[in-house]
Every structure is written in structure tokens, then in C-alpha cells.
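Visitor: I am new to this structure. Please show it to me, and then I will ask about its parts.

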Amino acid sequence: MDFIDQIKSISQQILKLREQIQTEEATKSAFVMPFINALGYNVFNPIEVCPEFTADVPGLKGEKVDYAIIMHEKPIILIECKWCGGNLENPKHNSQLHRYFHTTEAKFSVLTNGIIYRFYTDTEKPNIMDEKSFFEFNMLDFHESNINELKRFSKSSFNSGELEDVARNLLYTKEIKRIMTEQLADPSPEFVKFFASQVYSGRLAASVMERFTDITRRSLKEFINERITERLAAAINTPETSTPSTEGQEVESESSSDEGIVTTEEELEAFHIVKAILREVVDVGRIEYKDTKSYFGVNLDGKTTKTICRLRFFPTKKSIAIIDAEGKEAKKVLSSLNEIYGVAGILKDRARYLAQDETTQPEVVEQ
């Protein structure tokens with residue numbers, strides 16, 4: 001089984017068992033150990049994967065990290081685990097891993113709840129773990145690029161020297177993206193001034209800056225929405241030619257009656273995959289579904305005017321249709337539910353767009 005297939009298999013296991021896992025130990029057994037094994041390390045060989053690895057801190061004897069991956073008799077990666085239902089944002093988790101890192105020879109450490117894996121190293125000060133992770137891998141929301149980065153930590157690919165340079169680049173890239181996200185939501189005067197000075201020759205007085213702040217914010221959002229439409233066109237089969245269906249003619253208008261509508265287990269499983277993908281973009285409590293006779297729709301806030309995607313599952317054909325910035329459908333045929341992860345980035349872009357409360361949403365076009 002290929003590496004990506006192993007990761008997808010664990011991801012499906014998480015979706016099925018997450019609600020039943022109530023302890024840290026169960027999280028380790030069900031999610032973390034299979035993850036380490038997928039990276040190529042033998043979890044049943046304590047010389048290679050050492051559980052409860054001693055990382056004594058001066059003045060605090062008996063400190064142990066959950067797992068240490070060993071290579072050439074030296075620890076290379078420390079892994080600290082928390083319960084899958086827990087929040088990794090708790091400062092004491094980082095502090096704990098920080099202490100372990102300082103007392104061992106390992107150059108990399110990981111904080112995880114079995115779903116999110118945060119990778120750390122020492123880019124700022126030698127042998128002192130950075131406060132910020134340089135790479136984060138989400139088992140329920142990943143792309144091919146994430147898989148390629150993760151594979152660098154596998155047994156067959158691990159190279160400490162190369163990874164140190166990769167870690168720095170990933171950290172800087174992550175921080176630049178964070179700044180760009182902040183500027184998109186609330187552009188700073190310096191950011192606005194940069195753009196305004198390119199197109200406006202007059203004096204940038206306070207009133208002018210105020211006007212250009214709104215213009216800059218709107219321009220950025222329009223640019224992103226245009227890019228969403230372009231990505232949809234490039235990544236999804238659009239437009240899709242309609243063909244006669246043995247399942248009967250689709251009626252694209254929503255029925256006012258629920259009579260004859262059956263929500264299947266497969267549709268609900270797909271809905272949970274979409275929710276898992278979007279959980280870091282919007283509050284999952286806002287993500288709802290509406291089943292109709294012609295499609296299973298996933299929307300925001302229970303509003304069909306805020307449709308994220310539509311699922312059409314027939315015995316001989318399955319597809320997902322994501323709504324673009326103009327309110328039209330772009331469809332992709334699915335051979336399996338796992339292929340929904342392949343359009344995760346576009347689904348997240350669509351959800352972000354819909355979550356912009358101040359933006360007037362276009363009417364969703366029935367196709």
C-alpha cells in the first residue's frame with residue numbers, strides 16, 4: 001500500500017472511531033501508533049520506537065515523552081500525545097514538549113492529538129524548541145503537497161540536515177501566509193499605502209487612506225473569488241455534459257415536501273468528510289445539509305443561498321458539485337468518497353467566501 005493510501009486509511013479510521021475514543025491511551029493505540037507505522041517505523045520494536053522515553057529535566061527526574069523514534073541509537077523525533085478530543089492550544093502542552101526537547105539529542109518534536117500533528121525544531125536557538133510549529137498535518141484535511149512534506153519524516157526519507165533547511169522554509173512560508181490572512185481581513189495602513197501609492201498620484205491624506213482601505217479590502221476579496229472560479233475550472237470537470245440517466249430524470253428544483261426523500265448512510269458519510277475538511281475554516285455548527293429529491297446539499301447556516309456543494313449519488317454514478325463565485329455549479333465525478341479530499345482546498349475557499357457576512361452572495365443557480 002502506498003504511503004498516501006495508508007494515511008487515507010487512518011483518516012477513515014479516525015472518522016469512524018473519533019466519537020468513541022475517550023482517553024489518551026486509546027488515542028495512541030487507535031490513531032498515533034498506526035500513523036508512526038505508516039511512516040515506516042516499527043512500533044513493536046522498542047529499539048526503533050521507544051514508548052515512555054526518559055527525558056529527564058534538571059530538577060525533575062522521571063520526565064517521560066510518549067514516544068521517541070530512534071535511529072542509529074539516538075532519538076531523532078520526540079512525540080507527545082494528547083487525547084483526540086483535546087485542544088492542542090493549551091500552553092502547558094508546548095511547555096512540556098519544550099522541556100523534553102531541551103534534554104535530548106532529537107532535532108524534531110511532534111505534538112499531536114492523533115488528528116493534528118504539529119512539528120517543531122530549533123530554527124531560532126540551537127537545542128531550544130521554537131515556540132511556533134514549522135509544519136502542521138491534519139489527518140482529516142490534507143493535500144498532495146502536505147503528504148510530500150510529511151513523507152520527509154518517514155524512515156526511508158529521513159535526512160536531518162536537509163530537514164533543517166526545509167523546516168526553516170516551511171516556518172517562514174507559514175508565517176507569511178498568516179500575515180496575508182490578517183491583511184485580507186483587516187489591511188494595515190502600511191499595506192494599504194503600498195497599493196494606493198501604485199494607483200493614486202495625490203497626497204494620501206487620512207480621508208484618502210480611509211477610502212483606499214475599503215477599496216483594498218474589496219479588491220483583495222474580488223481577486224480571491226476570481227481565483228476560486230479559475231481553480232474550479234481547472235480542477236473540476238466543468239461544464240459537465242448532461243446524459244440520460246437510468247436512475248430517472250433529475251429535477252433540479254428543491255421539493256417543498258420531504259415525501260420520498262431517503263438520506264443514505266453514504267450521503268451522511270460524505271457530509272461528515274466535508275465537515276471534517278471545513279472544521280478549521282468555519283464553526284462546524286454552521287455546516288448543515290438539506291436532502292432533496294435531486295441532490296444532497298451542504299450549506300452554511302441552513303441557507304440554500306449559502307450552498308457549499310451538492311452531492312448526487314446514484315448506483316452507477318456519483319458526483320460532487322461545488323458552487324463557484326458566480327453561483328454556478330462545477331461538477332466532479334467521484335469513483336470513491338476519498339476523492340472528496342482531492343477538492344478540499346476548493347471546498348475551504350468556497351466556505352471562506354460564504355462566511356464573509358458583509359459580502360452580498362450571488363443567487364445560487366439551479367442547473
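Guide: Here is a predicted model. Start with a pair of strands. E9 (residues 303-314) and E10 pair in the antiparallel sense over six bridges.

Visitor: How many residues lie between E9 and E10 in their hairpin?
Guide: The two strands are antiparallel partners. Across this pairing, Arg-310 has Ala-321 of E10 as its bridge partner. E9 and E10 form a hairpin, and the number of residues between them is two.

Visitor: Which residue of E11 is the bridge partner of Ile-323?
Guide: E10 also pairs with strand E11 (residues 329-334). That pairing is antiparallel and runs over six bridges. In E11, the partner of Ile-323 is Glu-329.

Visitor: How many of the seven residues of strand E10 are buried?
Guide: E10 covers residues 317-323. It pairs with E9 and with E11. Strand E10 is largely enclosed by the rest of the structure, because the buried residues among its seven number six.

Visitor: Is Arg-118 buried or exposed?
Guide: Arg-118 lies in strand E5 (residues 116-120). Its relative accessible area is 14%. Buried means under 20%. So Arg-118 is buried.

Visitor: Which side chain joins that of Arg-118 in a polar contact of 2.5 Å?
Guide: Beyond its neighbours within four places in sequence, Arg-118 touches several residues, including Leu-88, Val-110 and Phe-135. Its side chain makes a polar contact of 2.9 Å with the side chain of Glu-136. The polar contact of 2.5 Å is with the side chain of Glu-89.

Visitor: Are helices H1 and H2 roughly parallel or roughly antiparallel?
Guide: H1 (residues 3-17) and H2 (residues 24-38) pack with their axes 10 Å apart. The angle is about 180°. Angles over 145 degrees count as roughly antiparallel. H1 and H2 are therefore roughly antiparallel.

Visitor: Which residues of H2 make the contact with H1?
Guide: H1 brings Phe-3, Gln-6, Ile-7, Ile-10, Gln-13, Ile-14 and Leu-17 to the contact. From H2 come Ala-30, Phe-31, Pro-34, Phe-35, Asn-37 and Ala-38.

Visitor: Now the whole chain. What percentage of its residues is buried?
Guide: The chain has nine helices and 11 strands. Its accessible surface comes to about 19,400 Å², with 51% belonging to carbon and sulfur atoms. Of the 367 residues, the buried share is 45%.

Visitor: What share of contacts with a separation of 6 or more joins residues 24 or more positions apart?
Guide: Take the contacts in the chain with a separation of 6 or more. Residues 24 or more positions apart account for 57%.

Methods:
Residues numbered from 1 in each chain as written. Predicted model: local features only at pLDDT ≥ 70, side-chain atom pairs only at ≥ 80, totals over all residues. Heavy atoms only, no water. Helix = DSSP H or I, 4+ residues; strand = E, 2+ residues; numbered from the N terminus. Buried < 20%, exposed > 50% of the residue type's maximum accessible area, 1.4 Å probe, protein only. Contact = heavy atoms within 4.5 Å. Areas by Shrake-Rupley, 256 points an atom, 1.4 Å probe, with all protein chains shown as cover. Pairing = 2+ DSSP bridges. Polar contact = N/O pair within 3.5 Å; in protein donor to acceptor, adjacent residues only side chain to side chain. Axes fitted to C-alpha atoms, helices over the stretch in contact; angles between N-to-C directions. Parallel < 35°, antiparallel > 145°, perpendicular 65-115°, else oblique.
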